[in-house]
Amino acid sequence: MMALNNSNTLRSVLEKNNLSGTNFLDWARNLRIVLKQEKRLYALENPISNQLVNNAPRVEEDSYSKHKDDSNDVTCLMLATMQSKLQKQFEEVEVYERMKQLKEMFQEQAC
């Protein structure tokens, strides 16, 4: 229960400071902190591998499935903490690619 409370507390910081564009560095830093605490930072930093080959080992299937699930959760968190204009723009973009595009969009801040 304690981990859940810590996660909710950290998420509340992120939710209070929605990404508007001018606050990209702060938002991205807070996002990374939340995801690190939730052990989902990898979903932001690593693209989902291509589809599994037929008869892939169970461990690969499980890893692929977990990555997809975690990426979906990170997608929802990211979109929920963006202003609606940015939500609409990035709604259909995969997590890893979304962060890459946001960095490019706000690269002057990201330097």
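Ring pairs join F24, W27 and F106 into a cluster. Rings of Phe, Tyr and Trp (its six-membered ring) count as a pair if their centres lie within 6.5 Å; planes under 30 degrees apart are called stacked, over 60 edge-to-face, and the rest tilted. The model is predicted, so local features need pLDDT of at least 70 and side-chain atom pairs count only at pLDDT 80 or more, while totals for chains, interfaces and linings use all residues. Residues are numbered from 1 along each chain as its sequence is written, and side-chain values use heavy atoms, with hydrogens and water left out.

**The aromatic pairs**

A pair of aromatic rings is described by the distance of the centres and the angle of the planes. By the pairing rule, the count comes to 2 aromatic pairs. Here they are:

| Pair | Centre to centre | Angle between planes | Kind |
|---|---|---|---|
| F24 and W27 | 6.3 Å | 35 degrees | tilted |
| F24 and F106 | 5.5 Å | 25 degrees | stacked |

F24 and W27 both sit in helix 2, 3 residues apart, which is about one turn of the helix. Helices here are DSSP runs (H or I, at least four residues), numbered from the N terminus. Are F24 and F106 buried or exposed? Both are buried, and F24 and W27 are both buried too. Buried means under 20% relative accessible area, exposed over 50%, and partly exposed in between (1.4 Å probe, protein chains only).

**Helix 2 beside helix 6**

Two packed helices are described by the angle between their axes and the distance between the axes. The axes of helix 2 (residues 24-37) and helix 6 (residues 95-105) come within 11 Å and cross at roughly 155 degrees. These two helices are therefore roughly antiparallel to each other, a label for angles over 145 degrees. Which residues of helix 2 and helix 6 meet? From helix 2 come F24, W27, A28 and L31, and from helix 6 come M99, L102 and K103. Sorted by class, this contact has 6 nonpolar, no polar and 1 charged residues. Ala, Val, Leu, Ile, Met, Phe, Trp, Tyr, Cys and Pro count as nonpolar, Asp, Glu, Lys and Arg as charged, and the others, Gly among them, as polar.

**A serine in helix 4**

S71 lies in helix 4 (residues 58-80). S71 counts as buried because its relative accessibility is 3%. Leaving aside neighbours within four places in sequence, S71 is in contact (heavy atoms within 4.5 Å) with A43, I48, E94 and V95.

Conventions
Axes are lines fitted to C-alpha atoms, for helices over the stretch in contact, and angles run from 0 to 180 degrees between N-to-C directions. Angles under 35 degrees count as roughly parallel, over 145 as roughly antiparallel, 65 to 115 as roughly perpendicular and the rest as oblique.
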